[in-house]
Amino acid sequence: MTTKSSGSPPLGAPARIPALPGLGTTWYERGARYWLRRVSGAVLWFAVLAFACYIALVLYQSFRGDLPSGVRTVWDRAQVAASCVALVWGWVVQRRGHRRDLLDPPTPSEVGARRWLQEHGVAG
């Protein structure tokens, strides 16, 4: 069967399944039980992270509650200022790195080396 000049498959032909990076077409071949396990795992991790955040907030509140009221006000303002500075700094660093990568994309061997470092927990 040949395709039309528009590049679409002829009528009656099965649709081509898009290949996703790292997954290929295996995402399409998975059944409902697979996706149920994936969703339940995500929900479990969400609950674990929510609990960890709750514990961190409780510990922070206990520390903050022990400060005298005058020091607490200064502490709160310093926290707000540090958070704003960190937000702007993180945004600038991320944008500069993204722009640098767009202007000078890594070679396939560099991508492989970065992936290996990430998989083995080596800072790179």
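Analyst: What follows sets values against definitions, one label at a time.

Analyst: This is a predicted model, where local features need pLDDT of at least 70, side-chain atom pairs count only at pLDDT 80 or more, and totals for chains, interfaces and linings use all residues. Residues are numbered from 1 along each chain as its sequence is written, and side-chain values use heavy atoms, with hydrogens and water left out.

User: How do you know where confidence is lowest and where it is highest?

Analyst: By pLDDT, the predictor's confidence in each residue, from 0 to 100. Helix α1 (residues 26-29) is lowest, at a mean of 71. Helix α3 is highest, at 94. The protein averages 85, and 88% of the residues score at least 70. Where pLDDT is low, the predicted coordinates should not be read in detail.

User: What makes up the order of elements in the protein?

Analyst: Helices are DSSP runs of H or I, at least four residues, and strands are runs of E, at least two, numbered from the N terminus. The protein has four helices and zero strands. The order from the N terminus is therefore written α-α-α-α.

User: Why is Leu-59 called exposed?

Analyst: Exposed means over 50% relative accessible area, buried means under 20%, and partly exposed lies in between (1.4 Å probe, protein chains only). Leu-59 has 56%, so the label is exposed. This residue lies in helix α2 (residues 32-65). Of the 124 residues of the protein, 2% count as buried.

User: Which residues make the nonpolar surface patch?

Analyst: Phe-51, Tyr-54, Ile-55, Val-58 and Leu-59 make a patch of about 510 Å². Patch residues need over 30% relative accessible area and no salt bridge; nonpolar side chains (Val, Leu, Ile, Met, Phe, Trp, Tyr) are joined within 5 Å, like charges within 9 Å. Areas come from the Shrake-Rupley method with a 1.4 Å probe; for residues, only the protein chains shown count as cover.

User: Why is the contact of Asp-76 and Arg-64 called a salt bridge?

Analyst: The rule asks for a side-chain nitrogen of Lys or Arg within 4 Å of a carboxyl oxygen of Asp or Glu. Asp-76 and Arg-64 meet at 2.6 Å, N to O, so the pair qualifies. The pair links distant parts of the chain: Asp-76 is in helix α3 (residues 69-103), Arg-64 in helix α2, twelve residues apart. Asp-76 is partly exposed at 23%, and so is Arg-64 at 21%.

User: How many salt bridges does the rule give?

Analyst: Two. Arg-100 and Asp-101 also meet in one, at 3.9 Å, N to O. Arg-100 is exposed at 53%, whereas Asp-101 is partly exposed at 29%.

User: What makes the span of helix α4 close to the expected one?

Analyst: The expected span is 1.5 Å times one less than the number of residues. Helix α4 (residues 108-119) has twelve residues, and 16 Å is expected. From first C-alpha to last, helix α4 reaches 16 Å. Gly-121 follows α4, with a positive phi near 70°.
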